[in-house]
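Trainee: Could we take a close look at a single part of this protein together? I would like one connected walk through it.

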Amino acid sequence: MTRFVAMTAIATVMGSAAFAGNLVEPVVEPAPAPAPVVVNEGGDWTGFYLGGQIGQLDADASNGASGDDTAYGVHGGYNYDFGRFVLGGELDYDATDLDLGGGATVDSVARAKVKAGYDFGRVLAYVTGGVAEADSSLGSETGDFYGVGLAYQVTDQWQIGGELLEHDFDEFGTSGVGSDATSVSLRASFKF
C-alpha cells in the first residue's frame with residue numbers, strides 16, 4: 001500500500017507538472033491611448049483685416065467748451081503674430097458731428113496706429129498709439145493719441161472688440177483753441 005500511495009503521489013505530481021505546462025498565462029496588453037482631441041483655440045492673428053466701428057467721442061476744448069457725440073467709421077490694417085507677441089499697424093477714420101458750442105464742431109478724426117499686443121489665444125489685448133488728424137469748423141489739427149484695445153476671434157475670420165483712445169490736439173487752424181478728446185468704440189473686423 002505504501003508503494004501504491006508513493007506511485008499515486010508521483011503520478012499526481014508528474015501529471016500536474018505536465019498539465020501545468022499547458023497552462024498559458026494570458027497576456028494583457030494595455031488599451032491604446034485615446035487620440036488627442038484637437039480644439040481650434042484660435043490665436044493666429046497674422047493677416048490683413050478690414051472693419052467698422054461705432055462709439056462715442058468726447059472733447060474738451062482749451063477755451064472751456066466741451067461736447068460729445070456718436071462717432072462711426074472704418075478701419076483696416078495688418079497684424080503679425082510672433083507667437084505670443086503681436087505687432088501691427090492700422091489706419092482708421094471716424095465721422096462725427098460733435099458740437100463744441102459757439103458754432104465750433106468736430107467733423108472727423110483720422111488715425112495712423114501702431115499696435116503691440118499679447119496673444120491669449122482667441123483674445124488679443126493690445127496697446128496702441130500714433131498720429132491723429134481732426135477736422136473741425138475751426139480748421140484741422142494733427143495731434144497724437146494713445147490707448148488700449150481688446151479683440152476676440154469669433155471665428156478664424158471674424159473678430160469683435162473695443163478700444164479706448166486718448167487724443168491731444170494743440171490748436172485747430174489759427175484759432176488758438178486746442179482740445180483733448182477721448183473715444184470709446186466697439187469694433188468688428190474681417191481677417192483675410
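Mentor: Happy to! A word on the source: this is a predicted model, where local features need pLDDT of at least 70, side-chain atom pairs count only at pLDDT 80 or more, and totals for chains, interfaces and linings use all residues. Residues are numbered from 1 along each chain as its sequence is written, and side-chain values use heavy atoms, with hydrogens and water left out.

Serine 189 sits in strand S8, residues 179-191; strands here are DSSP runs of E with at least two residues, helices are H or I runs of at least four, and both are numbered from the N terminus. The protein has 1 helix and 8 strands, in the order α-β-β-β-β-β-β-β-β along the sequence.

Now to the surroundings. Serine 189 counts as buried because its relative accessibility is 6% (buried means under 20% relative accessible area, with a 1.4 Å probe and protein chains only). Across the protein, 35% of the 192 residues count as buried.

Leaving aside residues up to four places away in sequence, serine 189 touches Tyr49, Leu50, Gly51, His75, Gln157, Trp158 and Gln159; contact means heavy atoms within 4.5 Å. With histidine 75 there is also a polar contact, side chain to side chain, at 2.7 Å (a pair of N or O atoms within 3.5 Å, one able to donate a hydrogen and the other to accept it; residues adjacent in sequence count only if both atoms are side-chain atoms). For the protein as a whole, residues 24 or more positions apart account for 57% of the contacts with a separation of 6 or more.

Definitions and conventions:
Buried < 20%, exposed > 50% of the residue type's maximum accessible area, 1.4 Å probe, protein only.
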